[in-house]
Amino acid sequence: MGLVPGLITGLGVTFKEIIKTVTTGAETVQYPHEKEDPPPRARGVIALHQENCTACMLCVRECPDWCIFIEGHKTLAPPRRTGGKPRTVNALDRFDIDYGLCMYCGICVEVCPFDAIFWSPEYEYSEPRIADLLHDKTRLSQWMETVPEYESYEAGSAAKVKKVPRP
Amino acid sequence: MTAISDRRQLAYIAAQAADARVNVELEAEGMTLNIGPQHPATHGTLRIVARLDGEQVVEANPVMGYMHRGYEKLAEVRTYPQVTALINRIDWLGSFANEVPFILACEQLMGIEAPPRAQHIRTILFEMARIANITLFLGDMGVQLGAVTPIFYAFRDREHILNQIESATGGRFHPNFDRIGGLKDDLPAGWIEETKRSLREIHKFCDQMDDLIIGNEIFQARTRNIGVIPPDVALSYGLSGPNLRASGVDWDLRRDSPAGLAYDQVDWRVWTHPDGDSFARYWVRLQETRESCKIVEQLLDSIPAGPIMAKVPRIIKVPEGEAFVETENPLGVMGYYVVSQGGLEPFRVKIRSASFSNMSISPWLLKGAYVPDVITILASLYFILGDIDR
């Protein structure tokens with residue numbers, strides 16, 4: 001045992017913390033009144049940029065718990081150049097993500113080759129009914145405006161900063 | 001009518017018989033105490049059936065499997081990139097550490113190596129997962145002994161580390177950031193400075209725990225010479241990690257086989273304690289948190305420039321073969337035995353998790369312990385239920 005008993009030293013720590021809390025305020029974020037600010041990379045909710053989606057089903061196949069549902073059909077679009085042949089494109093009929101199943105792994109966003117889905121750090125979309133957690137394509141498109149720009153990288157990085165498509 | 005009255009009579013007889021049985025049990029020498037499955041001291045659903053003689057435990061048997069989620073089988077029907085999302089959930093307090101041995105095993109099978117920048121950042125996140133995991137233990141051990149203050153400090157200061165993990169990977173608890181051949185993304189700008197600031201908070205937290213818990217006479221009286229594991233017993237039960245080092249065995253895979261990680265580039269030491277009791281296990285973990293902070297601080301200053309992803313095909317097929325890689329995770333040695341038949345999915349994945357082996361010593365260790373010490377000993381062994389049952 002040292003000069004000061006350990007119990008007293010421990011109480012000193014607690015006392016210092018009390019003084020700190022009283023003077024500078026508590027660290028707790030009082031949630032409904034004040035909100036935490038998640039970082040731009042936070043995986044909150046998936047946003048869909050409908051124009052880029054070609055219904056290629058890659059995200060559906062790669063999803064580990066199969067919570068994405070896509071249906072599409074082929075249509076003819078006007079040609080790019082005047083006088084050209086009309087193009088066949090895939091039109092998106094249905095794009096649903098069931099957040100009751102989603103485990104927020106981010107694989108779908110990573111595999112999307114056309115940059116059609118993005119992470120948004122929004123997290124306030126809980127529902128009283130579990131069936132309402134199935135977001136359809138209009139709801140998913142509404143999240144698009146909450147998607148932040150990609151952050152620049154730390155020095156020494158060889159990666160390129162991508163851009164988020166805006167309407 | 002007669003049937004009902006008959007049933008009543010039977011129930012009455014059965015109740016009488018049960019009473020008699022209870023009486024006989026109370027008169028008998030021993031008593032069976034069920035700790036768990038729902039007990040706050042077991043951090044999850046672990047059941048310990050203890051046979052008591054007065055205040056002393058005669059025999060204690062852990063009953064595991066209440067949280068079995070079958071990750072080994074689930075991994076057989078998932079592609080390799082999907083498996084990392086699942087195995088995040090094994091040791092849920094230090095999730096990133098679960099991914100590393102699996103990815104290293106796959107890389108070994110495919111014969112590729114992550115670029116140095118990726119290895120560096122991998123090591124940083126690995127150590128940060130360790131800090132996040134052990135910080136909670138440092139507070140939690142106090143709660144098991146009746147001191148409530150440290151856990152609040154632990155939760156508060158762990159948040160600094162979790163925020164940094166979130167801003168780099170996107171997930172506070174389940175990063176899913178490690179990929180075969182490198183990492184998912186590079187670090188965002190300003191991350192290194194922020195991380196250094198959060199590590200300073202952890203250093204302060206460790207000093208506080210030194211004053212609050214290590215120096216506390218009540219804590220010492222409750223943990224010194226309680227639950228002593230001699231080194232030979234620890235080795236024979238397959239203990240690993242801080243539990244083994246607290247018994248005086250100088251064995252750390254970070255130093256002994258740092259393949260694929262950047263531990264050989266930093267200056268650090270392995271802490272051991274000769275006593276092997278509950279106090280030693282706490283002390284070793286506290287020193288290890290400090291040491292992890294030192295490792296991360298040194299690595300942050302020397303991240304090499306370059307890509308973070310090796311050349312890997314878009315659709316990952318692992319060639320036929322088998323590999324076993326183990327690393328020093330926060331709870332001990334974690335290993336993955338991956339068998340591939342050349343397809344998209346692993347043929348078999350066997351997970352060697354640290355807590356399962358650490359827990360297996362409990363029948364030996366709890367024999368002869370007093371009931372209040374059972375909780376102390378279990379807390380100092382520090383297991384995570386997801387890591388035991390998988």
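In this predicted model, the domain assignment divides chain B into domain 1, residues 6–63, and domain 2, residues 71–389. The C-alpha centres of domain 1 of chain B and domain 2 of chain B are 37 Å apart.

**The interface within chain B**

Contact between the two domains involves 18 residues of domain 1 of chain B and 18 residues of domain 2 of chain B. Together, domain 1 of chain B and domain 2 of chain B bury about 1,500 Å², and carbon and sulfur atoms give 70% of this area. Zero salt bridges are counted between domain 1 of chain B and domain 2 of chain B, while four residue pairs, both residues at pLDDT 80 or more, are in polar contact across this interface.

On the side of domain 1 of chain B that touches domain 2 of chain B, the elements giving two or more residues are β1 (31–35), β3 (44–45), β4 (47–53) and β5 (56–63) of chain B. Of these, β5(B) gives the most, with six residues. By class, this side of domain 1 of chain B has ten nonpolar, seven polar and one charged residues.

**The interface between the chains**

Chain B contributes 44 residues to the contact with chain A, and chain A contributes 36 residues. The area buried between chain B and chain A is about 3,100 Å², with 48% of it on carbon and sulfur atoms. Three residues, B:Gln82, B:Arg156 and B:Glu217, supply 16% of the area that chain B buries against chain A, more than any other three residues.

Three salt bridges are counted between chain B and chain A. One salt bridge joins B:Asp185 to A:Arg41, whose closest N and O atoms are 3.8 Å apart.

At least two residues each on the side of chain B that touches chain A come from α3 (80–87), α6 (149–169), α7 (191–214) and α8 (217–223) of chain B. The element giving the most to this side is α6(B), with nine residues. By class, the side of chain B that touches chain A has 16 nonpolar, 16 polar and twelve charged residues.

| Interface | Buried area | Share on carbon and sulfur atoms |
|---|---|---|
| Domain 1 of chain B and domain 2 of chain B | about 1,500 Å² | 70% |
| Chain B and chain A | about 3,100 Å² | 48% |

Definitions and conventions. Residues numbered from 1 in each chain as written. Chains lettered and ligands numbered in written order. Predicted model: local features only at pLDDT ≥ 70, side-chain atom pairs only at ≥ 80, totals over all residues. Heavy atoms only, no water. Domains from an automatic or database assignment. Contact = heavy atoms within 4.5 Å. Buried area = accessible area lost by both parts, 1.4 Å probe. Salt bridge = Lys/Arg side-chain N within 4 Å of Asp/Glu carboxyl O. Polar contact = N/O pair within 3.5 Å; in protein donor to acceptor, adjacent residues only side chain to side chain. Helix = DSSP H or I, 4+ residues; strand = E, 2+ residues; numbered from the N terminus. Nonpolar A, V, L, I, M, F, W, Y, C, P; charged D, E, K, R; others polar.
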